[in-house]
Amino acid sequence: MLTHIQIRDFAIIDAVELELGPGLTVLTGETGAGKSILVDALLLAAGGRAGAEVVRHGAERAEVSATFVIEKNAAAHAWLTEQSIEHEGECVLRRVISSDGRSRAYVNGQAMPVQSLRALGETLVDVHGQMEYQSLVRRSAQRELLDQSGEHRELLSAVAETWRTLSQVKDERDRAAASAQDREARLELLRYHLSELQALDLKEGEGEELSIERQRLSQRGRLASGAREIIQLLREAEDVSAEQAISRALTTARHVGELDPKFAPMAQLIEESLIALREGVESVERYESDLDADPARQEWVEQRLAAMESIARKHRIEIAGLLALQSDLQEEFQRLDSLEASMAQIEKRLEEAQKKFRTACDKLTAARKSAAKSLGESITALMQTLGMPGGKFQIDVRQAESAGVNGADDIEFLVSANPGQPPRPLAKVASGGELSRISLAIQVAAVQTDALAGSLACLVFDEVDAGVGGGVAEIVGRQLRTLGERAQALCVTHLPQVASQAHAHVRVTKLTDGKTTRTALHPLTADERVEEIARMLGGIDVTDKAREHAAEMLRAPTKGSAKAAAGATKAPAKAAAPARKKPARR
């Protein structure tokens, strides 16, 4: 529900602020006063397109803020949660347009792309007017409206779930069929590659170990020379070897240690170094003895590594990846080898999935046809009271060329605005005024369902009563009041019959000092409402008789709403939800 709107420097509005409550609120005023500008500003806050021309002449920027209470608006809750925006049951939309045409948008103080703001705005504001009926003529919106009318949520979920399963099995079948086309050639190639790898009989880490061994065998001469040099320096030197020198040093250290006990730890260190030296020399001697040439071993290592490198190059991988490659090829071979059996299983699953999907679609189609008949009769009855005598509303449910996640039906709204004419598509037959009244009939039907009434967006009717008068205008007003008793509605109107039915009344006036022009909003008291209705009835000169008539009209709504409610009982208990997703206008 819209609770507050603040506008600054927008069109001819310098600064206005309006608090709004539940029920039906009407906006009245002289032609050109700026009533529709208020609707335009609300649409701008909800993500509508706008350029520099909306900025009031002489101002740097236009700014519009709209505050909504969204406690029962599940769609708005879901959007805010998805965007990770905290709200605590309240949502503030703010839009700023600079004089150079640049636009900025905010949701609860957080900057937001205009396209994203528009998605949220569609859940908060639903505008109906002679130029705002695009969603009503869209097939997708008509389908959604019918499904909400019939409360087909569970059936739609079943169709969507079976469609997803069917799509997954189809994809699996297509992948298997593609694999089957070159199955034999691929199997033969896999057999060849696997035979090579299996013949190699590679062990984990073997490639790295053989590479190290090859390096050692190929550098045997340098390794042996280095080992011999170490042995000679440490043990076999002709003059004094390192081992001999340390041994002598240890003997001397022990003698000194007998004279001074403080020297004993140093003697211990020298002794440990001698032990380590002898162990090192012995290790080098063993290494040298193991370096005996083995041409056969060296040749085998070279051949083994050459075989590994050849297969690795063929598959463009390192030797270390050969075992993983063998495992992958083996898995693919087994899958292709059993493909015929798998295809049979997939085809069986596909047949079962298609059967479940058709069953779910058939149930949804039957429910849609039942809801279409009931809803069509209800809207037809409401059309009769809204200035379209003899008109007929019909919802055509026919088999679609292709089924999908939304079922197997094409939904189309058909209307005959005049007696004797066959129903034709809504967009081709109805005029703007007729479409706006048909939209009103749909909204009135929507609020018959408690679950839907509390979650409706703020409904805005911009001169929905254009082209009607007299008794029809009074009926339009009563229907709007009925709508306002279950959901919030704003209506721009020129008709006193409609204005008198409102729960709240705002007068829009245009003020000028000869140099500048601005629009002002003024919520009316009970006495002021009488004067405004009298003005709408009598024109410039308001007479006492016009005031008496206005007062009588304002006393009538409680009686009229009862009659309207009685008339609305012809609407089905499961009524249509509004077609909310409308392209926001500037």
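Strands S1 (residues 2-10) and S2 (residues 13-19) pair in the antiparallel sense over 6 bridges. Within this pairing, isoleucine 5 has leucine 18 of S2 as its bridge partner. S1 and S2 form a hairpin, with 2 residues between them. Alanine 11 lies in the turn and has a positive phi of about 55°. Most residues other than glycine have a negative phi. The model described here is predicted.

The chain as a whole contains 22 helices and 15 strands. Of its 586 residues, 45% are buried. Among contacts in the chain with a separation of 6 or more, 72% are between residues 24 or more positions apart.

S9 is joined to strand S10 (residues 407-416) by 9 bridges, and the two run antiparallel. Phenylalanine 393 has valine 415 in S10 as its bridge partner.

Parallel pairing is found between S12 and S13. Strand S12 (residues 458-462) is joined to strand S13 (residues 489-492) by 4 bridges, and the two run parallel. Aspartate 462 has valine 492 in S13 as its bridge partner. The surroundings of S12 were examined next. In S12, 5 of the 5 residues are buried, so the strand is largely enclosed by the rest of the structure. Cys458, Val460 and Asp462 point one way from S12. Leu459 and Phe461 point the other way. Both sets of residues are buried.

Helix H7 (residues 183-200) has 18 residues, which at 1.5 Å a residue should span 26 Å. The end C-alpha atoms of H7 are 26 Å apart, which agrees. The buried residues of H7 are Arg183, Leu187, Leu190, His193, Leu194, Glu196, Leu197 and Leu200. An α-helix has 3.6 residues a turn, so residues three or four places apart point the same way. Aspartate 201 follows H7 and has a positive phi, near 50°.

Arg529, Val530, Glu532, Ile533, Ala534 and Met536 are buried in H20. The cover over the buried residues of H20 includes strand S3 (24-28) and helix H19 (496-499). Strand S14 (504-512) and helix H21 (544-555) are also included in that cover.

Positive phi values also occur in loops. Glutamate 88 is not a glycine, yet has a positive phi of about 55°. Glutamate 88 is placed in the loop between helix H2 (74-82) and strand S5 (90-98). With a relative accessible area of 80%, glutamate 88 is exposed. Glutamate 151 likewise is not a glycine and has a positive phi, of about 50°. The loop that holds glutamate 151 lies between H5 and H6. Glutamate 151 is partly exposed, with a relative accessible area of 44%.

Helix H6 (residues 153-181) contains threonine 165. Threonine 165 has a relative accessible area of 40% and is partly exposed. In sequence, threonine 165 and phenylalanine 357 are 192 residues apart. In space, their C-alpha atoms are 8.8 Å apart.

Cysteines were considered last. A disulfide is a covalent bond between the sulfur atoms of two cysteines. With a cut-off of 2.5 Å between cysteine sulfur atoms, the count comes to 0 disulfides. Cysteine 91 is buried, with a relative accessible area of 0%. Cysteine 361 is buried too, with a relative accessible area of 4%.

Note on methods. Residues are numbered from 1 along each chain as its sequence is written. This is a predicted model: local features need pLDDT of at least 70, side-chain atom pairs count only at pLDDT 80 or more; totals for chains, interfaces and linings use all residues. Side-chain values use heavy atoms; hydrogens and water are left out. Buried means under 20% relative accessible area, exposed over 50%, partly exposed in between (1.4 Å probe, protein chains only). Two strands pair if DSSP finds at least two bridges between them. The expected span of a helix is 1.5 Å times one less than its number of residues. Contact means heavy atoms within 4.5 Å.
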